[in-house]
Amino acid sequence: TGIRLSPSTPFYEFEQRPYCEEAYREMFFTCHLCHEATAFDGNDAVRALGESWHRHCFRCAGGSECPCSGVLKDDVAWGHDAQDGHGIMPYCQVCYRNKFTRRCPSCGESVLPGVDKYVKA
């Protein structure tokens with residue numbers, strides 16, 4: 001917000017930098033999807049993929065073909081930036097596999113590094 005913080009002004013700190021309450025809320029408690037404020041106490045918010053999300057907005061971005069109907073099991077998401085201006089968006093493992101992973105040239109199955117076992121030749 002550009003206001004100067006006086007020694008008596010309450011402030012919030014993030015990564016060793018001070019923020020007034022208004023700037024702190026705007027930067028760290030605004031939902032990445034709908035751009036509305038999340039509760040300051042974090043009760044309706046999820047912090048994931050480097051962003052804040054309303055719990056109901058933190059859904060798979062896979063669209064209508066998503067087999068999980070958008071629900072992320074245990075709030076686990078795979079993030080991907082489709083370079084469409086929306087930034088990193090959450091995907092369930094099935095949608096992430098179908099859209100973004102490499103496929104085995106022999107069997108056509110997707111290979112997800114860190115999850116699937118494979119040999120790099």
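Reader: Which residues does Tyr91 touch, not counting residues up to four places away in sequence?

Author: Cys60, Ala61, Gly62, Leu72, Ala77, Trp78, His80, Tyr96, Lys99 and Phe100. Touching is contact, meaning heavy atoms within 4.5 Å. This is a predicted model, where local features need pLDDT of at least 70, side-chain atom pairs count only at pLDDT 80 or more, and totals for chains, interfaces and linings use all residues. Residues are numbered from 1 along each chain as its sequence is written, and side-chain values use heavy atoms, with hydrogens and water left out.

Reader: Which aromatic cluster is Tyr91 in?

Author: One formed by Trp78, Tyr91, Tyr96 and Phe100. The whole structure has 4 aromatic pairs. Rings of Phe, Tyr and Trp (its six-membered ring) pair if their centres lie within 6.5 Å; planes under 30 degrees apart are stacked, over 60 edge-to-face, and the rest tilted.

Reader: And the largest nonpolar core? Which members touch the most others?

Author: Phe58, Cys60, Tyr91, Cys92 and Cys95, out of 13 residues. Strand S3 (45-48), strand S6 (88-91) and helix H2 (93-100) each supply at least two residues of this core. A second, separate core has 6 residues, including Tyr19, Cys20, Tyr24 and Phe29. A nonpolar core is a set of buried Ala, Val, Leu, Ile, Met, Phe, Trp, Tyr and Cys residues joined through side-chain atoms within 4.5 Å. Buried means under 20% relative accessible area, exposed over 50%, partly exposed in between (1.4 Å probe, protein chains only).

Reader: How many disulfides are there?

Author: 0. A disulfide needs two cysteine sulfur atoms within 2.5 Å. For Cys31, the nearest cysteine sulfur is that of Cys57, 3.8 Å away.

Reader: New topic. Where is Leu112?

Author: In the segment after strand S8 (110-111). Leu112 is buried, with a relative accessible area of 1%. Beyond its neighbours within four places in sequence, Leu112 contacts Trp78, Gln93, Tyr96, Arg97 and Thr101.

Reader: What's the overall pattern of the protein chain?

Author: β-β-α-β-β-β-β-α-β-β. That comes to 2 helices and 8 strands. Both are DSSP runs, numbered from the N terminus: helices are H or I, at least four residues, and strands E, at least two.
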